[in-house]
Amino acid sequence: MTTAVVSPLLDTYARADVTFVEGNGSWLLDANGERYLDLVAGIAVVGLGHRHPAPLAAAHAQLDKLWHTSNLWWTEPMATLADKLSERFGGAQAFFCNSGAEAVEAAIKYARKSTRRPEIVALDNSFHGRTAGALAATGQPAKRAAFEPLLPGVRFVRPNDRASLADAVGAETACILVEPIQGEGGIRPLRSEFLERARELADIHGALLVFDEVQTGMGRTGTFFAWEQADVRPDALTLAKGLANGLPIGALLVAEGAAGAFVPGDHGSTFGGNPVAAAAACAVLETIDDELLADVARKGAWLAAALERLPGVVEVRGTGLLLGVEIDRAASSAVAACLERRLLVGSAGERTLRLTPPLTIADAELDHALRILEEVLQ
Ligand SMILES: *Cc1c(COP(=O)(O)O)cnc(C)c1O
């Protein structure tokens with residue numbers, strides 16, 4: 001009798017058969033010594049590139065000083081990070097956790113406590129994470145089905161459909177929860193008019209407008225937050241992915257005008273605001289300056305135009321270095337063909353490639369990627 005090879009991991013990811021051992025800038029090295037150009041960046045996480053000196057030095061220095069205390073006391077990196085985020089947002093208080101889904105959970109609890117209302121208005125095709133609350137607000141029935149019943153009171157609306165949004169928001173709405181650009185759902189931007197309408201409806205009905213910027217935040221779209229481009233300021237905002245360049249951290253920011261709902265005991269996280277992750281995040285915030293943001297916008301516009309000219313490309317969506325490339329075939333086969341050529345690209349949906357390279361990627365590296373994509377999509 002033969003024994004089947006059993007993975008040491010539960011079967012939650014369709015992992016490709018590659019083991020990475022080292023990273024440097026926009027490149028990864030596998031266990032066989034092969035180099036790969038990385039246009040995934042840990043799914044929009046390693047925004048400054050692998051081993052960027054600023055967060056690396058900050059995390060090293062903090063590792064040598066203090067790893068963890070709990071949230072019963074203050075630590076310097078956490079306080080500094082909250083100040084820096086508040087300054088970027090234009091006045092906000094922070095709650096720190098360890099992932100995007102946890103940041104969304106915090107937002108849901110905050111909105112419910114703040115309004116004493118039960119309902120969440122979210123969008124079809126959205127993605128807010130895999131925990132039970134965040135999953136309940138995720139507008140992808142296939143991801144939810146096996147786990148229902150989930151949190152009740154979520155109403156889903158078609159993205160960019162202002163009339164349906166107006167129908168869904170009312171006296172029971174705690175928050176309107178949206179990603180300014182739907183990420184996992186295929187890199188689908190929301191129109192400014194839709195976001196403006198969401199702002200109006202939240203104000204009219206006394207609900208909170210919450211932007212899930214877990215993927216769009218931290219300079220990914222060419223501004224620090226994606227809301228700056230739509231010029232619609234939310235009452236609360238979630239961050240995670242790019243916040244500490246790869247160390248686990250998430251944050252809920254609540255705008256000054258919407259603050260005050262949580263009191264001690266309402267929410268918490270043992271690891272939240274971990275000094276090492278927070279120190280790395282402070283260095284990330286210092287590094288994402290106007291020059292880098294302008295460069296992200298420039299490279300994104302240039303890359304999108306170049307992608308549109310490739311064979312097999314149906315549509316290019318997104319802003320900055322958050323780009324979705326809809327192609328005329330299954331994304332999975334193109335991802336595999338790129339991997340064979342030592343190029344890492346992601347996917348978001350059946351026929352959409354997702355490109356989320358390090359924000360620091362060089363033009364020549366993008367050129368290299370374009371040549372491989374051209375060959376693959378021929
Ligand atoms: C990735 C993502 C999440 C979930 O983040 P995790 O860290 O995987 O829990 C939530 N919202 C958005 C918009 C995301 O892109």
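1. Let's start with Q182, which sits in strand β8 (residues 181-182). Strands here are DSSP runs of E with at least two residues, numbered from the N terminus. Keep in mind that this is a predicted model: local features need pLDDT of at least 70, side-chain atom pairs count only at pLDDT 80 or more, and totals for chains, interfaces and linings use all residues. Residues are numbered from 1 along each chain as its sequence is written, and side-chain values use heavy atoms, leaving out hydrogens and water.

2. Is Q182 buried or exposed? Q182 is buried, at 1% relative accessible area (buried is under 20%, exposed over 50%, partly exposed in between, with a 1.4 Å probe and protein chains only).

3. Leaving aside residues up to four places away in sequence, Q182 touches L123, D124, N125, S126, P159, I187 and R188 (contact means heavy atoms within 4.5 Å). With D124, the Q182 side chain reaches the backbone oxygen at 3.1 Å.

4. Next, a sheet. Four strands form an open sheet in the order β1-β2-β3-β15, with mixed pairing (two strands pair if DSSP finds at least two bridges between them). At its edges are β1 (20-24) and β15 (343-344), each pairing on one side only. β1 runs antiparallel to β2 (residues 27-30), over four bridges, and E22 stands opposite L29 in β2.

5. Finally, cysteines. The disulfide count is zero, taking a pair of cysteine sulfur atoms within 2.5 Å as the rule. C282 is buried at 7% relative accessibility, and C338 is buried at 0%.

Notes. Polar contact = N/O pair within 3.5 Å; in protein donor to acceptor, adjacent residues only side chain to side chain.
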